[in-house]
Amino acid sequence: MKITVYDKYIFKQVALTTFVSILLFTVVWIAPEMLLNTIKKILEGEMTIKVGLIFLTAQLPLILSKAFPVGLLLGSLFTFDKLSKDSELTIFRAVGMPFKRIIAPVLVLSVLVSVMCFATIDKLVPRSSAVIAKIKDRNPSSQYIYTQKTETGKPTLAVVVSKYNKKKMKNVIVLNFEDSKYTDLHGISTIYIAKKGKFFANRWELYDITRYRISSEGIFNNIDHLNQMNILEGHLASDIYTIMNYSTKKEREITNKNLWKYTRLLKNVSRDEETYNLMLNKYYQRFFHPFICMLMAIMGCLLGFSKPREQRMYGFGIAIGAIFLYYITLPFFDLLAEKGVLPPIITATVPILAFIGGIFAFYKTKDL
């Protein structure tokens with residue numbers, strides 16, 4: 001397709017209004033609460049001015065990842081609404097330009113913005129989230145429970161780490177199960193309680209351990225002390241350590257590559273179905289959310305097509321409603337995926353299908 005003066009004109013107009021819309025969205029998002037809280041912390045001495053500026057700057061990638069689709073929708077809507085009111089779209093259509101050709105510059109812009117959105121979510125958001133966590137001095141020390149099961153779902157080993165931070169852990173409880181004990185409900189053969197431990201690449205080492213041996217009747221028949229023992233050796237030790245570290249992070253703090261690795265480990269190693277479904281849903285959303293940029297741009301163009309005397313608020317009202325519904329329903333679909341009500345691939349694609357359906361409906365109702 002040959003680039004014409006029309007393409008440059010429309011591209012420039014939509015790009016400008018999209019930039020302004022993104023800027024306004026960012027200011028509105030920051031101004032009410034985030035900015036006031038930051039200023040308050042600076043005045044109270046909890047933050048320096050430099051740290052406060054870094055904190056606000058680190059928030060930008062998180063906001064931009066949400067602002068890109070909104071900016072394209074409002075930018076294309078405002079531009080095409082103005083073209084309609086000025087009868088410029090009527091002239092373009094009178095000279096034989098089809099709808100696909102009219103919105104071609106907008107589609108090119110939406111592809112560029114989609115790439116920017118994807119890169120922001122994958123690269124910038126995890127880095128900025130790490131900066132925010134550091135400024136908030138969030139302590140990643142937490143509790144973790146790992147249960148090893150057979151193919152039939154019977155537990156063979158349970159490890160309860162009461163507290164851990166980086167390479168060290170404290171107050172670790174290890175439960176050993178035996179098949180022969182399943183005539184009784186407890187099924188536990190040995191309990192190990194370690195005061196401390198350390199993570200290594202190929203093993204977990206526990207120190208200062210009290211061992212409780214349990215009879216088939218559920219009675220302690222022997223209690224002794226061990227100086228050191230190893231658990232979760234080999235690749236399993238490394239995999240569980242990775243899962244444990246990712247479990248303390250929010251989804252936005254993980255890159256696409258590591259999020260995919262995390263979901264595989266959840267599925268194949270820990271067998272935590274709920275967390276696996278939620279993280280897989282989030283992983284799919286990483287790719288579908290940038291695609292929403294293109295769909296919102298097309299919807300904005302369609303809503304902007306109007307008759308010269310048609311009320312302008314009609315299109316803007318629908319646009320605001322679409323934005324609101326999209327972002328407010330994302331947590332609902334996350335919950336459906338987490339609880340296994342719907343497969344993650346379905347919960348992640350429902351918003352896409354909804355926008356495609358809306359675009360098709362508006363296309364049919366407009367006189368194009």
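Analyst: Happy to! One term comes up a lot: contact means heavy atoms within 4.5 Å. This is a predicted model, where local features need pLDDT of at least 70, side-chain atom pairs count only at pLDDT 80 or more, and totals for chains, interfaces and linings use all residues. Residues are numbered from 1 along each chain as its sequence is written, and side-chain values use heavy atoms, with hydrogens and water left out.

User: Thanks! Which residues does Val-161 touch, not counting residues up to four places away in sequence?

Analyst: Val-161 touches Ser-142, Gln-143, Tyr-144, Met-169, Asn-171, Val-172 and Trp-204. Val-161 is found in strand β2, residues 155–165. Helices (H or I, at least four residues) and strands (E, at least two) are DSSP runs, numbered from the N terminus.

User: Is Val-161 buried or exposed?

Analyst: Val-161 counts as buried because its relative accessibility is 1%. Buried means under 20% relative accessible area, exposed over 50%, and partly exposed in between, with a 1.4 Å probe and protein chains only.

User: How far apart in space are Val-161 and Ala-194?

Analyst: They are 9.6 Å apart, C-alpha to C-alpha, and 33 residues apart in sequence.

User: New topic: which residues touch the most other members of the largest nonpolar core?

Analyst: Those are Phe-80, Ile-102, Met-299 and Phe-355, in a core of 56 residues. A nonpolar core is a set of buried Ala, Val, Leu, Ile, Met, Phe, Trp, Tyr and Cys residues joined through side-chain atoms within 4.5 Å.

User: Which elements give two or more residues to this core?

Analyst: They are α1 (5–43), α2 (49–85), α3 (88–94), α4 (99–102), α5 (104–135), α8 (273–304), α9 (312–338) and α10 (344–365). The largest share, 14 residues, comes from α2. Apart from this core lies another, of 35 residues, among them Tyr-144, Leu-157, Ile-231 and Tyr-241.

User: And what is Ile-102 in contact with?

Analyst: Leaving aside neighbours within four places in sequence, Ile-102 is in contact with Tyr-6, Phe-80, Leu-89, Phe-92, Arg-93, Met-97 and Phe-305.

User: What about Arg-101, is that buried or exposed?

Analyst: Arg-101 lies in helix α4 and counts as buried, because its relative accessibility is 17%.

User: Let's do helix packing. At what angle do α2 and α8 pack?

Analyst: The angle is about 20°, with the axes 7 Å apart. Axes are lines fitted to C-alpha atoms, for helices over the stretch in contact, and angles run from 0 to 180 degrees between N-to-C directions. α2 and α8 are therefore roughly parallel to each other. Angles under 35 degrees count as roughly parallel, over 145 as roughly antiparallel, 65 to 115 as roughly perpendicular and the rest as oblique.

User: What classes of residue make up the contact of α2 with α8?

Analyst: By class, there are 14 nonpolar, 6 polar and 2 charged residues. Ala, Val, Leu, Ile, Met, Phe, Trp, Tyr, Cys and Pro count as nonpolar, Asp, Glu, Lys and Arg as charged, and the others, Gly among them, as polar. On the α2 side, Phe-80 is one of the residues that meet α8, and Met-299 is one of those on the α8 side.

User: How do α7 and α8 compare, parallel or antiparallel?

Analyst: Helix α7 (residues 256–270) packs with α8 at about 155°, with axes 9 Å apart. The two are therefore roughly antiparallel to each other. Their contact has 9 nonpolar, 3 polar and 5 charged residues.

User: And α1 with α2, at what angle do they cross?

Analyst: Their axes cross at roughly 145° and come within 5 Å. The contact of α1 with α2 has 24 nonpolar, 12 polar and 1 charged residues.

User: Where is Ser-21, and what does it touch?

Analyst: Ser-21 lies in helix α1. Leaving aside neighbours within four places in sequence, Ser-21 is in contact with Gly-71, Leu-74 and Gly-75. Ser-21 is buried, with a relative accessible area of 14%.

User: Last one: what is phi for Asp-208 and Leu-232?

Analyst: Most residues other than glycine have a negative phi. Asp-208, in strand β5 (residues 204–214), has a positive phi near 55°. Leu-232, in the loop between β6 (220–231) and α6 (235–247), has a positive phi of about 50°. Asp-208 counts as partly exposed at 29% relative accessibility, whereas Leu-232 is buried at 7%.
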